Amino acid sequence: MAKGELWDNRLHFLLPASYQDTLFGQVYIQLQATSPLQIIKRDSTALVLIGLLMMFASYLLAASVEKRFSGPILRLVGFLEHISDSQQLRQRITTHENNEFGKLYQEVNTMLERLDQSQKELQLAAIAFDTPSGMLITDANNQILQVNQAFTQITGYSAHECIGKTPALLKSNRQDYTFYQDMWHQLNTHHYWSGEIWNKHKNGKIYPEFLTIQPVLNEQQDIVNYVAAFIDLSQQKSAEAKLEYFTLHDALTGLANRKLLTETLEQQLSPTTSGALLCFDLNNFKLVNDSFGQESGDHLLLQVAHRMRSQLKDADLQVRLGADEFALWFNQLSAQPRLTALEAEGLAERVMSLMTAPFFINDQPLSCSASVGIAITTPSEPISAALLIQQADSALHQAKQTDSSQTAFYDAKAASVAREYIQLHTALRQALNNNEFCLFYQPQTNAQGRVIGAEALIRWNRPEQGLVSPLHFIPAAERSGLILEIGNWVLQTACMSLRSWQESPSTRGLTLSVNVSTRQFYQEGFVDQVKLALQNSGANPRQLKLELTESLLADDLNRVVETMKALVDLNLQLSLDDFGTGYSSLQYLQRLPLHQIKIDQSFIKDMLNSHSKNEAIVRTVLSLGEAFGFEVLAEGVETLDQLKFLQQLGYCQFQGYYFCRPIPQDQFLDYCKQYNYTPS
Ligand code: C2E
Ligand code: MG
Ligand code: MG
């Protein structure tokens, strides 16, 4: 019985017993069989125990699984909650686990890094967006999505007022349809547009801006947004406008300047133009500037400009060329040359009469005439802008030369005179620097023929030309103002000579007359200049005689008298030169603190001519001098007859070629030794 058999509730086995293939016998095994219920009954306690053990084991297993899996997840959740609360994207979660959780944590950290990076980029973008330039972003349909703070400042529109609308909100209508058409064309083809554009502020004010527009493209190269940036050009424009204004206008008067005149003429002159350019200046301006100061000079110029603006409105351009030189351009005059000239002359007369009406300086009326130079252009004689200005300039120069008429049309001769004048001015300045001036002395004698004094007369020792008479350069020096420096040099040199004359008995008591030009006299500080020349030289003021001319009296007599008195207070003497040729009136004469009058040589010249009335004048001047208590000197005495006649009349001071021509100092000293002065 190899298989087991069950009976009697027992399991019976009969097994063979063998060793190395040798059968020894059989083994009989009997096993008691038990039912499951019996088993349960028998082992229930053990089963309960086993169940409990299993529950405990599964608890332990669950706890370990919980520790192993949900812990890291909960930690991660807590960490993310903390990130979300604190918004600190820079924090990272750490783990030493080298498993799926380690990888998960790493992924979370990478994600945080990206978030942090993009947050920084966003912040940067926000900063970039919040620039002083106005910025707006639109969608592809040009609807505004976003604007920055500067946009609101420049346009006046807040974000919520413009988001959803199109930039047409800002349209000023200064740009036409084609402008925008070109702009869109450029944007769509080149993906960029920039330029100046006029837009309208919310308050209605139109302002210039510099605008740049760029589309934003997606991966398929479709436009998804437009980004526009702009700056307000209002201030820059107004600065530019100001700059342009000052480059084309005179800063003091606001009139056009030479540049604008040239530009205007260049634009307007054509072969069919007939017009006139009038240049004028004020005859007394330099005097006003020298005597009342620059501020008063400016005030006078402003009054001139005002008159031009208000009363010469019909001029096409009113210009200040410089100093006291003004110009008026009249276009569209009559096309016939003769009529153009006539019209131009009429205009010049208007200018003259306008400028003759008194101006006011320090509330005092001041008469100030003008000289006008006229240059015209007609279809038969077209001309360039530069030449027209040059011609009007030289015509003005010509007008100033003529005493009678103070208007002059351009002519070629006048032009060469003007050129000469400019050359002379340059040469005079050099002469002053190179010490080319010297003084000659012309003796003045008494009735007995003895020398009583001398007149210092300037000479210009011009290289390669020899001695030049003052008649050839003093008027130019007066016009240019160089006379102030030249006059001061004369004064100082004459005082030094006077001082040196003290050394010799034949010259010790002589007086020395020095010519003073009107501009010099009116110059501020003139009295101090004289005082200084006397002090520096050590000359005796009583022996210095200043020769003034009558032209001086044309202006403010009170001022003239005041300066004369200040000079007399220095103890020097004053003489009125070329008497009888100028403005003297008896009323004036009696107010002037003069020592001497010098009757002009023109009266002496033909006094002996039987038809001349000069004899009467010569007599009258002498009695006038006696009446006022002035010495009277006759200058220009050339002949013995003239001398005898003058002596007969009662004259006792003379100067003229009859005695001696003006001579250099060394010759003068010899002359004095010969015709010795004997102090009375
Ligand atoms: P003035 O002050 O009337 O000077 C007299 C002028 O008459 C001098 O001319 C003199 O040479 C000239 N003269 C003298 N006697 C006779 C004569 O018998 N017959 C003739 N025909 N002429 C005579 P000059 O030296 O050529 O000076 C001319 C003018 O230039 C002066 O006239 C004066 O107004 C001016 N001048 C000369 N030197 C100076 C100066 O240093 N300063 C200023 N501001 N003017 C000066
Ligand atoms: Mg003189
Ligand atoms: Mg004279």
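This is a predicted model: local features need pLDDT of at least 70, side-chain atom pairs count only at pLDDT 80 or more; totals for chains, interfaces and linings use all residues.
**Entry 1: the magnesium ion (ligand 2)**

I began with the donors. The magnesium ion (ligand 2) is held by Glu455 through OE, Asn515 through OD1, Glu547 through OE and Asp577 through OD, at 2.0 to 2.2 Å. Next I looked up how these donor residues are spaced along the sequence, and the pattern reads E-x59-N-x31-E-x29-D. Glu455 sits in strand β17 (residues 451-462) and Asp577 in strand β21 (residues 573-579), so this pair links parts of the protein that are 122 residues apart in sequence.

**Entry 2: Asp577 and its other metal**

I then checked which ligands Asp577 bridges. They are the magnesium ion (ligand 2) and the magnesium ion (ligand 3), with 3.9 Å between the two ions. Are Glu455 and Asp577 buried or exposed? I found both of them buried.

**Entry 3: the cavity**

The largest cavity holds about 60 Å³. Its lining, as I noted it down, is made of Asn284, Leu287, Val288, Ser291, Phe292, Leu366, Tyr522, Asp555 and Asp556.

Which element gives the largest share of that lining? It is helix α8 (residues 285-292), with four residues.

Last, I looked at the domains around the largest cavity. Domain 3 (255-423) and domain 4 (437-674) each supply at least three residues to the lining.

Technical notes: Residues are numbered from 1 along each chain as its sequence is written. Chains are lettered from A and ligands numbered from 1 in the order in which they are written. Side-chain values use heavy atoms; hydrogens and water are left out. Donors are N, O and S atoms within 2.8 Å of the metal (3.2 Å for Na, K and Ca); water is not among the atoms, so sites may look incomplete. Helices (H or I, at least four residues) and strands (E, at least two) are DSSP runs, numbered from the N terminus. Buried means under 20% relative accessible area, exposed over 50%, partly exposed in between (1.4 Å probe, protein chains only). On a 1 Å grid over the protein atoms alone, a cavity is a set of points where a 1.4 Å probe fits but cannot get out, and a pocket is an open set with protein on both sides within 12 Å along at least five of seven lines; lining residues have an atom within 4 Å of a point. Grid points are joined across faces, edges and corners, and a volume is the space filled by probe spheres set on the points. Domain bounds come from an automatic or database domain assignment.
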